[in-house]
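Me: I'm new to this one and would like to learn how to read it. Could you take me through a few features?

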Amino acid sequence: MLGRLLTPCAVALAVVATPVPAQQDTTRARDTTALRLPTLDVTATATRSTRRPMEQPLAMTAVAPAAWQGARGHSLDEALTFVPGVLAQSRYGGTDIRLTIRGFGSRGAGDRSNSGTSRGVRVLTDGFPDTEPDGRTSFDLIDLAAATGLEIVRSNASSVWGNAAGGVVSISTLRRTDRAYGEAEGAAGSFGFRRLVTRLGAPLGGGQAGLTLTRTVTTGWRNHADGERTLATLGLTTPLAETGRLGVFVSATDNSFRIPGPLTRAEADATPRVANATYLARDERRRNRLGRLGVVYEHHAGDHEFRGTLFVQPKFLERSERGTFRNFTRYHVGGSLLYRLEHGVGDGVTATLSAGVDEAYQDGAILFYSLGPDGGRGGVLRTNKREGANNFGVFVQEELRLGRTWGITAGARFDDITYYVDDFLPGGLSGSRSFDRVTPKLGINYRRTPTHSFYLSVGGGVEAPAGNETDPAGTFGQDSVFAINPLLDPVLSTSWELGTKQVTTFGDGASPWVLSYDAALYYTAVTNEVVPYRGGRFYFTAGRAGRAGAELGGQLLKGEVSAQGALSLTRYRYLEYTVDSVHYGRPGALADYGDNTVVGSPAVTWAAGLGWRPGWAGGVQARATAQGISDSFADDANQVEVPGYTLVGLTLALDRPLRLGRGGPALRGAVAVANLLDRRYIASSFLNPDVVGGVPVAFEPGTPRSVTVTLTVGWP
């Protein structure tokens, strides 16, 4: 099968691709380390390594703000279009994205506690985790208006990040600057979209300071899909003495949104704007108020480097969900310690030893009430309990550099994840359960030239079931008899990967062709694949699965013209999967889904783009993009098919500031049209969905053609 996948990859290689950090290196001098935490000397990237991108035995991609220029910027999906192996889908047009990297995170779509969250992929902002100890991630604190860059690791990163690190998305928010600046940005668009952004920043005693304030409002294109969010992001770094640096990062948000819910296929085709009748009657919605204070300190002493972080994140969550009004009061606290030593091993051999420890703990009260007739909190307390999760991990990694050509990376990590439940109502169930795992990693990198390398790696992965998966809800009149689901074990995986990265130039003259590309083949063997049933009301562990894939991405530049793209071909199959069908009213009968396609996984995803920036146009740039995915299945039985789609977009942007008078403000602006051809499509789907009257309710229609106009006024 991999041979069949390689053929279209080889063809596409000559045409398009997606930039990775190494792809931006056209000279040896530019072959620098991956994105760094601004002004800090030790990297805080998704790789937890100081090695250069060409020396890393893994697949990684860097995305600059130009990638989402002119877009709404409300969620990450608009920045990840040209990252191969990544599937990011906006479910309702807000912060509620579904994020999948090489199949990890694919089950994060459904009804039970999944609106607005993802899982299986670790997300960091300025080095601090947005991902909770149980592996779930909400995107309340993330807005592209505040981001200065993204770094994505597509390889399994469990050997350095532990639980739920099938991939990593690292976001930076602090802009490097050598002078004070200020910007005011306004954006307006279809379906009631409005956004105001203020950005302020200045050098700070050898460091940096930056503040971003964002206010976004949208009515949504579907009924009952309105939302609003206020977000503040503050960061500052400063030297301490000659060998230390301190960084302080603060963010806070008030994010509210309604949930229109899934439809049947007939409803999605005929009346895609309507809301699910049950969701509408219950006024299902969420209001998330949370903040985070994070502190990082770095110290250098010769060949020794130390890095420590601490963070605290209080959360106050309200929601109307499945016939109850719910209050969550949580606190998420933790930190990390990292030690790094550069040392010699022998003639021509140098090494970097890294060792670290991570701790993250979340706990708090959960109160469920009856739902009042107006959708508010009723007078009957139905649930009163405390749920906690703790994730402790220790890792060590040795990176050897053998001359200028070879590199070897070896490491391992131990994780212990524990869940706690205390139910305070009479007859309530309490309990705890722990999962632990060691995940090793070995990688070999061969650097043929300073800008061309090959790598081979093998490593383990671990993903503990998320909190809502360990909470076994009763179904069809059956009562839960355990406080924590006993039917689940951690998802274990082993990944093999072969890849290459290159930047090359050809042609003569002042404007040669510049081609950069990144290609990878991988196979991941998965044990204990966790799958949701009945819209995620309960979960089981489903035997073994195999994920084979090929990825290609890159960029081709020639003077005023650029082309880029991404292609991912996958074959994800259940190898062993037999389940008792008692929950479908057939006691004693077995369903065998072995050799079926893994739910929620399209076989093909692709994107292609063409940009033109003529010199005579004074900084005006035109970009056309097309992206698509193939059909997939929404159920393990492979009976509910989700159709694929192809979308086209167009952006016109003035990305070179237009100065208004000497010393006056500078203007930038953009007009972006998404879904230019106004296609109807299914943006996302509930997995193993509810079946009502014999018809699956699974489909979330995608946004029609929309226009966004952005204008930015800045000083100096």
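**A hairpin to begin with**

Reply: Let's start with a turn: E37 and E38 form a hairpin with two residues between them, and Gly693 in that turn has a positive phi of about 60 degrees. Before going on, note that this is a predicted model, where local features need pLDDT of at least 70, side-chain atom pairs count only at pLDDT 80 or more, and totals for chains, interfaces and linings use all residues. Residues are numbered from 1 along each chain as its sequence is written, and side-chain values use heavy atoms, leaving out hydrogens and water.

Me: In what sense do E37 and E38 pair, and over how many bridges?

Reply: Strands (E, at least two residues) are DSSP runs numbered from the N terminus, and two of them pair if DSSP finds at least two bridges between them. Here E37 and strand E38 (residues 695–701) pair in the antiparallel sense over six bridges.

Me: Is strand E37 mostly covered or uncovered?

Reply: Buried means under 20% relative accessible area, exposed over 50%, partly exposed in between (1.4 Å probe, protein chains only). In E37 (residues 682–692), eight of the 11 residues are buried.

Me: How do I read a pair of aromatic rings?

Reply: A pair of aromatic rings is described by the distance of the centres and the angle of the planes. Rings of Phe, Tyr and Trp (its six-membered ring) pair if their centres lie within 6.5 Å; planes under 30 degrees apart count as stacked, over 60 as edge-to-face and the rest as tilted. That rule gives 12 aromatic pairs. Tyr419 and Phe435 have ring centres 5.8 Å apart and planes at 65 degrees, so this pair is edge-to-face. Tyr419 belongs to strand E20 (residues 406–423) and Phe435 to strand E21 (residues 431–449), so the pair ties together parts 16 residues apart in sequence.

Me: Why does Tyr419 count as buried?

Reply: Because its relative accessibility is 3%. Phe435 counts as buried too, at 5%.

Me: What does the side chain of Arg573 reach?

Reply: Arg573 lies in strand E28 (residues 561–576), and its side chain reaches the backbone oxygen of Asp595 at 2.3 Å. Polar contacts are pairs of N or O atoms within 3.5 Å; within protein, one must be able to donate a hydrogen and the other to accept it, and residues adjacent in sequence count only if both atoms are side-chain atoms. The side chain of Arg573 also makes such a contact with the side chain of Thr597 (2.7 Å).

Conventions:
Helix = DSSP H or I, 4+ residues; strand = E, 2+ residues; numbered from the N terminus.
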